[in-house]
Structure formats: C-alpha cells, structure tokens
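Have the viewer ready and follow along.

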Amino acid sequence: MKSLKEEIDMTRLPGHIAIIMDGNGRWAKKRLLPRKLGHKAGADTLEEITKAADALGVKHLTVYAFSTENWKRSQEEISGIMDLLRNYLDRYIAKADKENIKIDIIGEKSRLDEDIQEKIKLIESLSAEKPGLNLHIALNYGGRDDILRGFKKIAARIENGEIKAEDITEEMISESLDTGFYPDPELVIRTSGEERISNFLLWQIAYSEFVFNKKLWPDYKPEDLYEDICYYQNRERRFGGR
C-alpha cells in the first residue's frame with residue numbers, strides 16, 4: 001500500500017503553498033497550558049513542515065505568523081510571540097551555513113522591535129543564495145494593508161511622472177505588493193477547522209484552491225501536508241473557464 005507521500009503526483013506539485021497556521025491558543029487551552037507554549041509548539045511544527053515541503057520540492061511556502069490585527073491581543077501574548085520569533089531567527093542564523101532554505105519576511109516590518117528588524121536583515125542576507133525552498137514569513141501582515149501600501153507606491157510613481165493612471169495594469173499592482181517577486185499561491189491551507197481568509201493575501205489568492213484542515217496547527221504533521229496536497233491534486237482548476 002502506498003504512503004500518502006507516494007500518492008503525490010510530483011509532476012503536478014503546487015509550486016507555492018500558503019498556510020494560515022491557526023489553533024496554537026486552543027491547542028494550549030486543551031492541555032491546560034499557557035498560550036505561549038501553544039505558540040512554541042506551533043513554531044516547532046513550522047520547522048517540521050518547512051523541511052517536509054523542501055524535501056518534496058515545493059518552491060514557495062508562505063506562512064501567516066502575525067497579522068496586523070494580532071496587536072489587539074494581550075501584551076503578554078504579543079511579547080511571548082515576539083520572543084519566540086527572536087529564538088526562531090537566532091536558531092536559523094546559528095545554523096545558516098547548513099541550511100538549504102531561503103527566508104524572507106513580508107509585511108510592515110517598521111513596527112517590529114529594532115533588534116528583530118536587524119535579525120530579519122541578517123537572516124535574509126545569510127539565506128539569499130540558498131537553492132531550496134523559499135520560506136516567506138508574514139509578520140505584521142494584512143492583505144488590505146499590503147494592497148494599500150502597494151497602491152501608495154503606484155501613486156508615488158504617478159506623482160513623479162513615471163507613469164499615468166491609464167498605465168496601471170493587474171501585473172503592475174501584483175508587482176507592487178510584498179509578494180511581487182514570486183508567483184501567487186496555488187494552494188491555501190488553514191488549520192483548526194476555521195473557514196475564513198482572515199485578511200491573508202487577499203489579492204494573491206484570487207484563483208487559489210483552499211483546504212480547511214480540522215487539526216490544530218501544533219498537531220499538523222508532514223502526513224497532513226501530503227494529504228492536503230493530494231486533495232488539491234484531485235481538484236479541477238479552471239480559473240473561471242470551463
């Protein structure tokens with residue numbers, strides 16, 4: 001009997017997978033643990049899934065780590081998430097010479113603490129030439145904010161006389177976004193059973209396929225990723241046509 005991984009058609013592997021990593025808090029609550037331990041377990045899962053996606057040959061993985069709305073959470077939880085981020089970046093920096101993965105951060109980084117911004121610059125520099133998976137971590141990211149900032153870039157070009165309003169195309173808008181340097185996701189996975197987008201990659205997911213996995217993010221394993229990819233491959237993608 002074939003394993004789930006063996007069931008994947010490697011000729012139709014999604015080149016870009018986006019994941020809304022949901023359920024860390026509920027995972028901790030079920031175990032009567034502090035929420036920060038749920039986020040710690042979620043960070044461990046991210047490392048495991050990143051390695052599995054890289055081993056498969058997936059080219060791009062975008063993960064929703066912290067949204068523009070997450071600032072509404074308690075200061076204690078926000079501080080815990082930021083400390084976990086520091087640890088994650090430090091661990092990668094320490095072993096960057098042995099890693100195959102390229103990392104970059106999307107979102108409005110200026111609101112992050114200066115030491116985190118410096119770590120981001122370092123990790124992006126150290127991993128820039130890595131040949132494996134491109135891991136895009138969405139931090140202080142919101143789809144509407146991404147579009148707003150993109151339109152401001154285009155407006156500045158109009159003000160400078162570089163382009164006219166009639167020159168604006170869908171391609172130009174796409175290129176103005178945080179994700180302008182890589183293709184739109186073909187598959188979007190959300191864990192925890194919730195079925196909403198939550199302001200994630202609003203422009204980019206126009207023709208993405210969705211899988212709403214009921215597992216809480218810390219419980220999500222490579223086998224779940226393989227199953228979700230197989231589910232994606234059994235769909236007929238028509239992009240509005242017939």
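This is a predicted model: local features need pLDDT of at least 70, side-chain atom pairs count only at pLDDT 80 or more; totals for chains, interfaces and linings use all residues.

Next comes the overall fold. The chain contains 8 helices and 6 strands, and read from the N terminus they follow the order α-β-α-α-β-α-β-α-β-α-α-β-β-α. The radius of gyration is 18 Å, close to the 18 Å given by the globule rule for 242 residues, so the chain is as compact as a globular protein of that length. Along the principal axes, its C-alpha atoms fill a box of roughly 60 × 50 × 35 Å. If you count contacts between residues at least 6 apart in sequence, 77% of them join residues at least 24 apart.

Now step inside. Of the 242 residues, 48% are buried. In soluble globular proteins, nonpolar side chains tend to be buried together. Here the largest nonpolar core has 44 residues, and Ile17, Ile19 and Leu225 touch the most other members. Helix α4 (residues 75–94) gives this core its largest share, 7 residues. Apart from this core lies another of 11 residues, including Ala18, Ala138, Leu201 and Ile205.

To finish, zoom in on Ile19. Which residues does Ile19 contact, leaving aside its neighbours within four places in sequence? They are Ile49, Leu61, Thr62, Val63, Tyr64, Ile189, Phe200 and Trp217.

Note on methods: Residues are numbered from 1 along each chain as its sequence is written. Side-chain values use heavy atoms; hydrogens and water are left out. Helices (H or I, at least four residues) and strands (E, at least two) are DSSP runs, numbered from the N terminus. The radius of gyration is taken over C-alpha atoms; the globule rule is 2.2 Å times the number of residues to the power 0.38. Buried means under 20% relative accessible area, exposed over 50%, partly exposed in between (1.4 Å probe, protein chains only). Contact means heavy atoms within 4.5 Å. A nonpolar core is a set of buried Ala, Val, Leu, Ile, Met, Phe, Trp, Tyr and Cys residues joined through side-chain atoms within 4.5 Å.
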